[in-house]
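Okay, thanks everyone, let's get going.

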Amino acid sequence: MGPDQALLYIVATPIGNLADMVPRAVEVLQCADLVAAEDTRHSQRLFSHFNIDTPLMAYHDHSDDKRTGQILQRLEQGQTVALISDAGTPLISDPGYRLVREARERGFRVVPIPGPCAFVAALSAAGLPSDRFSFEGFLPAKPGQRERALRELAGDTRTLVFYEAPHRVADTLDAMGLVFGGEREAVIAREVSKAFETFHLAPLKELAEWVRADSNQQRGEIVLLVRGAERRRDSELNPEAERIMKLLLAELPPKRAAALAAEITGVNKKALYNWSLEQK
Ligand code: SAM
């Protein structure tokens, strides 16, 4: 490709089924001057299948600045470089952020070739609300840190989406049940687009038991999705404001109780007053 075509392509590749490779991805990988890949041996299989013989270079998150520098140098020479990861979309729980950032800062065009992504595929077929969601990637592996991360998400009303390693999935579902409550709905999406693709929706407690009872469910590649927390109705107060209002209402007229509770809790006086009227 000519010097005026210096481009960094970010190319999505299949997450299990080679037939999911988009034609534009094949074309870009065939025509690029260099392909930066997370694991060059792994990518060689993709290359053989699609008759791609473009030179491969290893690029991962621990790559030193020298590696990033070498790729940027190729761009400076007017070459076209494509970035792929082992599977799915680069930068989604995969390397590439530093490279994309630096390439953009130097004024190079960075062009995505959209395609497979495990969490998007899982979310699209899970049966949980998908209008608002939060992709959380991998939780911390250490139980204490994992629980803290889950606690921060406990009140989030969006569907929560996680990647999880198979040997941790049962413990993670137990921890989610403890923090979010065992009744909260969740889905395990396993081996998406592969021979043993499985989707199972159940309350967290049941889902954890189901996964523990069948070791096959603790194998392969896994996305976990959890329904968001119930949204508080506008007419509901937070439990502390409610407790204080109840105490004050036992002694004071509603207007006075609302004024005092507003000072104590910081909750809007009118909301407190309206709440007191609904209690009658
Ligand atoms: N960049 C990838 C993407 O676009 O989905 C994700 C890479 S991340 C290192 C790998 C994790 O993605 C796996 O541990 C698993 O949680 C999830 N994953 C990848 N392929 C999957 C599949 N076929 N089914 C379910 N989850 C998958």
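So, the space taken by the ligand is the largest pocket. By pocket I mean, on a 1 Å grid over the protein atoms alone, an open set of points with protein on both sides within 12 Å along at least five of seven lines; a molecule sits in one if more than half of its atoms lie within 2 Å of its grid points.

Quick caveats: this is a predicted model, where local features need pLDDT of at least 70, side-chain atom pairs count only at pLDDT 80 or more, and totals for chains, interfaces and linings use all residues. Numbering runs from 1 along each chain as its sequence is written, and side-chain values use heavy atoms, with hydrogens and water left out.

Where does the ligand lie? Domain 1 (7-116) and domain 2 (119-226) both give residues to its shell, so the ligand lies between them; the bounds come from an automatic or database domain assignment.

The shell has 19 residues, and the closest are I92, D94, A118, Y163 and I222, counting any residue with a heavy atom within 4 Å.

Now polar contacts, meaning N or O pairs within 3.5 Å. The side chain of D94 puts an N or O atom 2.8 Å from a ligand nitrogen. On the backbone side, an N or O atom of T89 is 2.8 Å from a ligand oxygen, and A118 also has a backbone N or O atom 2.8 Å from a ligand oxygen.

Notes. A polar contact is a pair of N or O atoms within 3.5 Å; within protein, one must be able to donate a hydrogen and the other to accept it, and residues adjacent in sequence count only if both atoms are side-chain atoms. On a 1 Å grid over the protein atoms alone, a cavity is a set of points where a 1.4 Å probe fits but cannot get out, and a pocket is an open set with protein on both sides within 12 Å along at least five of seven lines; lining residues have an atom within 4 Å of a point.
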